[in-house]
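I opened a new structure today. These are my notes on what I looked up.

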Amino acid sequence: MITLDDTDQAILAELRRDARASMTAIADAVHISRAGAHARIKRLTDAGVVTGYTVRTDPVLLGHHASAYVMLAIEQATWQEVSARLRAIPEIEHMALVGGDFDVILLVRATDARDLRRIVLEDIQAIPSIRSTRTTLIFEDFTLS
């Protein structure tokens with residue numbers, strides 16, 4: 001288990017804000033040397049705290065005009081099989097195993113309502129171990145960080 005100090009937390013905040021920021025910009029923002037920033041980021045990466053870098057996109061500009069959260073109730077013993085089948089559906093952007101009324105929550109991006117219907121009814125509900133689904137449409141997305 002790695003212990004994170006305030007400087008590590010500040011570096012992570014900078015990386016979350018802009019993963020493309022230069023080492024110099026990160027060092028300046030958290031008031032440490034460039035070498036210090038580089039060493040800390042390497043330590044955070046080696047420890048598995050930083051698992052990768054990504055880009056955020058606008059789903060509508062990518063042609064995804066219909067998005068939804070789809071909650072699934074599954075047969076508990078089949079999670080590995082269900083997970084593998086769901087990972088094969090390209091329109092699923094995010095998947096989480098959760099506790100509560102449902103077992104899994106999916107973020108699904110589709111080109112339109114008809115495409116969303118196809119994904120939910122033909123792709124997701126076709127998985128035998130899924131007992132039920134509930135779909136909640138997303139009217140507008142907001143990025144908080």
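My entries cover a buried serine, two cores and a pair of helices.

**Entry 1: the model.** I noted at the start that this is a predicted model.

**Entry 2: Ser67.** I found Ser67 in strand β1, which spans residues 66-74. Is Ser67 buried or exposed? Its relative accessibility is 8%, and buried means under 20%, so I put Ser67 down as buried. Next I checked its side chain. A polar contact of 2.9 Å links it to the side chain of Arg109. Leaving out residues up to four places away in sequence, I listed Val108, Arg109, Thr136, Leu137 and Ile138 as touching Ser67.

**Entry 3: the cores.** I looked up the largest nonpolar core and found 20 residues in it. Leu72, Leu86, Leu106, Val108 and Ile124 have the most contacts inside it. Which elements give two or more residues to this core? They are β1, α4 (79-87), β3 (104-110) and α5 (113-124). The largest share, five residues, is from β1. I also traced Ile124. Beyond four places in sequence, its contacts include Leu72, Leu86, Ile89, Ile92 and Thr133. Another core, of nine residues, lies apart from the largest one. Leu12, Ala21, Val30 and Val50 are among its members.

**Entry 4: α2 and α3.** I turned to helix α2 (residues 23-30) and helix α3 (residues 34-46). Their axes come within 8 Å and cross at roughly 100°. I therefore recorded α2 and α3 as roughly perpendicular to each other. From α2, Met23, Thr24, Ile26 and Ala27 make the contact; from α3, Arg34, Ala37, His38 and Ile41 do. I sorted the residues of this contact into five nonpolar, two polar and one charged.

Notes
Residues are numbered from 1 along each chain as its sequence is written. This is a predicted model: local features need pLDDT of at least 70, side-chain atom pairs count only at pLDDT 80 or more; totals for chains, interfaces and linings use all residues. Side-chain values use heavy atoms; hydrogens and water are left out. Helices (H or I, at least four residues) and strands (E, at least two) are DSSP runs, numbered from the N terminus. Buried means under 20% relative accessible area, exposed over 50%, partly exposed in between (1.4 Å probe, protein chains only). A polar contact is a pair of N or O atoms within 3.5 Å; within protein, one must be able to donate a hydrogen and the other to accept it, and residues adjacent in sequence count only if both atoms are side-chain atoms. Contact means heavy atoms within 4.5 Å. A nonpolar core is a set of buried Ala, Val, Leu, Ile, Met, Phe, Trp, Tyr and Cys residues joined through side-chain atoms within 4.5 Å. Axes are lines fitted to C-alpha atoms, for helices over the stretch in contact, and angles run from 0 to 180 degrees between N-to-C directions. Angles under 35 degrees count as roughly parallel, over 145 as roughly antiparallel, 65 to 115 as roughly perpendicular and the rest as oblique. Ala, Val, Leu, Ile, Met, Phe, Trp, Tyr, Cys and Pro count as nonpolar, Asp, Glu, Lys and Arg as charged, and the others, Gly among them, as polar.
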